[in-house]
There are 2 protein chains.
Amino acid sequence: MSRVAVIGAGAVGCYYGARLAEAGHDVHFLLRSTYDAVERGGLHVESIDGDIHLKRPSIARTAAEIGPADWVVCALKATAMDDARELIAPCVGPQTSILALMNGLGIEDQFAQWFPETPIFAGLGFTCINRGADGRIHHIDYGPVTVAHLGDEPAEVERAFALWADAKVEVPTAPSLLAARWQKLCWNVPFNGLTVTGGGITTDIVMDDPELRGAAEGLMRELCAAGNVDLEAHGSDARLDADAVVESMMTRTEAMAAYRPSTMIDFVEGREMEVDAIFEAPLRRASELSVPTPLLAMITGQMRILGRRAG
Amino acid sequence: MSRVAVIGAGAVGCYYGARLAEAGHDVHFLLRSTYDAVERGGLHVESIDGDIHLKRPSIARTAAEIGPADWVVCALKATAMDDARELIAPCVGPQTSILALMNGLGIEDQFAQWFPETPIFAGLGFTCINRGADGRIHHIDYGPVTVAHLGDEPAEVERAFALWADAKVEVPTAPSLLAARWQKLCWNVPFNGLTVTGGGITTDIVMDDPELRGAAEGLMRELCAAGNVDLEAHGSDARLDADAVVESMMTRTEAMAAYRPSTMIDFVEGREMEVDAIFEAPLRRASELSVPTPLLAMITGQMRILGRRAG
């Protein structure tokens, strides 16, 4: 049993935290706006993999109340990255590992700068989870969390995998964190981007429009090209197979029906969007590496401008 | 002096019609929603090239009241193309020529199908004209109308040029109508498109954002490439010089400051946008010609979806 601190208990943090609690771990949730509601009624998760109701989860209003944990599961929005260090620090001791359940490129490098002695992991969720108006968590589809280690040490990847051994979560492991990050962008960039620039549409509208579907594929191919040059620049042997990525992402998205990506929900609700983590960061990297990514550049410009009007 | 029927008396039609009236032509305006206001107060144009106030312009509620004209200046929105034939027909006699002051690719071919005996011309305005809330016409910047003939007969082009001889309008002539159409798309596609997909922004925001500016240039280069293959397919010797087009469009747009393209105004006001004429038509043509236009495809898909929500 591990002591787990869930920092950033939005839909994703609450869902995976609840799965870890269900598996017997000692899970502590850092809550803000939902503290009172969870204190009264517990934490409700409605999931295609089985509902969870934690009647009296361990909840805290500050990270200091939680203190050092074996695992810090950081599920903050990437837009809250400026606050992440302060929020996480009280939970980080000499035995702590950090698992970043977040979107974006370069997130783990940032954690490693802040906590140089701490093993850093990525958890890349491929899942459809939204928070309902009632504060309940709705897990609609998929659910795997791909775990990877900053440094790509196989033994460390195994240790992260072991945390999830008894949890009702499928946990593939990724030998290359960087490849896994680029691969995840191959979904987030087209589908978070095109649902927002379409004015707040669901993924099925993108899939049903031949030009937007083509643009999604084009964006994936640009990201794979940039990712492969990035992997080479990092001395990694891992490579993304663009055809396989396109095939897999399209097939999975087809099966999602009318899904609302998190960034699209942020957009229609006027909240800050994860533009830097999902769009600007890969574009900067592609530009540094001189990989042409015209579609990524255009959608990044569009998201940047649309993002200025929200948040 | 020519007898001129202005069909589609929006901002552009009223402005150029007023300039022709000012030059001494017998101009008749087909009006609908603004008939009563113009009957009461006349037609007011505020223009950087000198204001015009036509106290008692010749106005009509139906084209039949106007009857056959020497010139039909058709300034309908391209979205009204389905009604154009019926609206224009009463003004077309054996001596009539049609000048299409409209956006879009293939507009003149459509007119030629409907009126096979009638000389057809394009008037491609590069201008910033909006209608004010008070029904007044505001001519803010630029104003040239490039005239071209469907068939590219130099003598015919001269005849269209002669109509404007005494008007305070700069009238360049284009030896190739098709080249002029593609060149105009090089402004409309990026600037009408990116101001809409940016959520209803002005042209200066596009110009100031490095990625959107780059996307504008990328779109122009795709359009020039498609246009040149189209010209070749039509057996025309005319070609677009992409570098020169980019340079010219960027310089002119830079000088416009915060301009609101017509499609962007349609978008923010919830009116139907000219998606087919400006986006779908060149994309279809590029696709027929197998010219890759990934940026054009993406923005066309975006505009198509955004257009479904308006209108």
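Start by selecting A:Asp141: setting aside neighbours within four places in sequence, this residue is in contact with A:Ile48, A:Thr127, A:Cys128, A:Ala255 and A:Met256. Keep in mind as you click around that this is a predicted model. Colour strand β9 of chain A, residues 137-149, and you'll find A:Asp141 sitting in it. Now, which side chain of opposite charge is nearest to A:Asp141? Select A:Arg252 and you have it, but it is 10.0 Å away. A:Asp141 is buried and has no salt bridge.

Next, go and see some charged residues that do pair up. Over all chains, a search of the whole structure finds 38 salt bridges.

Select A:Arg19 and A:Glu22. Their closest N and O atoms are 2.8 Å apart, and the two form a salt bridge. Both belong to helix α1 of chain A (residues 11-22), and because they are three residues apart there, about one helical turn separates them. An α-helix has 3.6 residues a turn, so residues three or four places apart point the same way.

Now hop to A:Asp276 and A:Arg284, another salt bridge, with 3.2 Å between the closest N and O atoms. Are these two buried or partly exposed? A:Asp276 is partly exposed, with a relative accessible area of 43%, and A:Arg284 is partly exposed too, at 42%.

Stay in chain A and pick A:Arg304 with A:Glu280, whose side chains meet in a salt bridge at 2.7 Å, N to O. A:Arg304 is in helix α13 (residues 294-309) and A:Glu280 in helix α12 (residues 275-288), so this pair ties together parts that are 24 residues apart in sequence. Both residues are buried. Then select A:Lys77, A:Asp266, A:Glu269 and A:Arg271, which salt bridges with shared partners join into one network.

Time to show both chains. At their meeting place, 26 residues of chain B are in contact with 26 residues of chain A. Together the chains bury about 2,000 Å², 64% of it on carbon and sulfur atoms. Four salt bridges cross this interface. For a cross-chain pair, zoom in on A:Asp209 and B:Arg304, a salt bridge with its closest N and O atoms 2.7 Å apart.

Last stop: helix α7 of chain B, residues 177-197. From first C-alpha to last, this helix reaches 29 Å. Centre on B:Leu185 to find a kink of about 25°. Of the 21 residues in α7(B), 20 are buried, so the helix is largely enclosed by the rest of the structure. Finish at B:Gly199, which follows α7(B) and has a positive phi, near 95°.

Conventions. Residues numbered from 1 in each chain as written. Chains lettered and ligands numbered in written order. Predicted model: local features only at pLDDT ≥ 70, side-chain atom pairs only at ≥ 80, totals over all residues. Heavy atoms only, no water. Helix = DSSP H or I, 4+ residues; strand = E, 2+ residues; numbered from the N terminus. Expected span 1.5 Å × (residues − 1). Bend = angle between axes of the 7 residues up to and from the residue. Buried < 20%, exposed > 50% of the residue type's maximum accessible area, 1.4 Å probe, protein only. Lys, Arg positive; Asp, Glu negative; His and termini not counted. Contact = heavy atoms within 4.5 Å. Buried area = accessible area lost by both parts, 1.4 Å probe.
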